[in-house]
Amino acid sequence: MRQALAEAAAARETGDVPVGAVLLGPGGPEGTPLGLGRNAREATGDPTAHAEVLALRAAATATGDWRLSGCTLVVTLEPCTMCAGASVLARVDRVVYGAVDAKAGAAGSLWDVLRDRRLNHRPEVIGSVLAEDCGRLLTDFFRAR
């Protein structure tokens, strides 16, 4: 999560909401980072440039495979519906997030896309990891705006 927090902090430099993600290879928390991402919607003008999507894309490029089975996605904010859906489609084994997103979270807060039994893949979900640190980064960003 500390690496994801570093990515989130870097997103502030481009005026993007400070959310960061890292995709770890097999081995859970001990896995090798395969892809990093930070919000880049403002920087790129791309509405899909969320930290999770960019980390998944980087990992797929690094491995040469869109199937990221055995991998763990670590993100500083609870994924939205798009990012939760992308995680399901990429077949990641687990999603670990920091701050809860009561307004748009899709890992149990507002929706629960990641554990929806109607889908063909359901990653393990671990929430509220370093939640205070992750939340403070977001709160400080929005307070300054």
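This is a predicted model: local features need pLDDT of at least 70, side-chain atom pairs count only at pLDDT 80 or more; totals for chains, interfaces and linings use all residues.

Analyst: Leu-130 lies in the loop between β5 (124–126) and α5, and its phi is positive although the residue is not glycine, at a value near 50 degrees.

User: Where is Arg-91, and what is its phi value?

Analyst: Arg-91 belongs to the loop between α4 (81–89) and β4 (94–99), and with a relative accessible area of 23% it is partly exposed. Its phi is positive in a residue other than glycine, and the value is near 65 degrees.

User: Which residue does UniProt list for "active site", and is that residue buried or exposed?

Analyst: The UniProt record, an unreviewed entry, lists Glu-52 under "active site", and this residue is placed in helix α3 (residues 51–63). Buried means under 20% relative accessible area. Because the relative accessibility of Glu-52 is 4%, the residue listed, Glu-52, counts as buried.

User: Leaving aside neighbours within four places in sequence, which residues is Glu-52 in contact with?

Analyst: Contact here means heavy atoms within 4.5 Å. With the neighbours within four places in sequence left aside, the contacts of Glu-52 are Ala-21, Leu-73, Val-75, Leu-77, Pro-79, Cys-80 and Cys-83.

User: Is Thr-76 buried or exposed?

Analyst: Thr-76 is found in strand β3 (residues 72–77), and, not counting residues up to four places away in sequence, it touches a set of residues including Met-1, Pro-18, Gly-98 and Cys-134. Because its relative accessibility is 2%, Thr-76 counts as buried.

User: What is the volume of the largest pocket, and which residues are closest to its centre?

Analyst: The volume of the largest pocket is about 390 Å³. Of the 19 residues that line this pocket, those closest to its centre are Val-17, Val-19, Leu-77, Asp-101 and Ala-104.

User: How do the lining residues of the largest pocket divide, and which helix gives the largest share?

Analyst: The lining of the largest pocket divides into eleven nonpolar, three polar and five charged residues. The largest share of that lining is three residues, and these come from helix α5 (residues 131–144).

User: What kind of aromatic pair do Phe-141 and Phe-142 form?

Analyst: The count comes to one aromatic pair, formed by Phe-141 and Phe-142 at 5.1 Å centre to centre. Phe-141 counts as buried at 10% relative accessibility, whereas Phe-142 is partly exposed at 46%. Planes over 60 degrees apart count as edge-to-face, and with 80 degrees between the planes the pair is edge-to-face.

Terms used. Residues are numbered from 1 along each chain as its sequence is written. Side-chain values use heavy atoms; hydrogens and water are left out. On a 1 Å grid over the protein atoms alone, a cavity is a set of points where a 1.4 Å probe fits but cannot get out, and a pocket is an open set with protein on both sides within 12 Å along at least five of seven lines; lining residues have an atom within 4 Å of a point. Grid points are joined across faces, edges and corners, and a volume is the space filled by probe spheres set on the points. Helices (H or I, at least four residues) and strands (E, at least two) are DSSP runs, numbered from the N terminus. Ala, Val, Leu, Ile, Met, Phe, Trp, Tyr, Cys and Pro count as nonpolar, Asp, Glu, Lys and Arg as charged, and the others, Gly among them, as polar. Rings of Phe, Tyr and Trp (its six-membered ring) pair if their centres lie within 6.5 Å; planes under 30 degrees apart count as stacked, over 60 as edge-to-face and the rest as tilted. Buried means under 20% relative accessible area, exposed over 50%, partly exposed in between (1.4 Å probe, protein chains only). UniProt positions are given in the numbering used here, feature names are shortened, and annotations may be inferred rather than shown by experiment.
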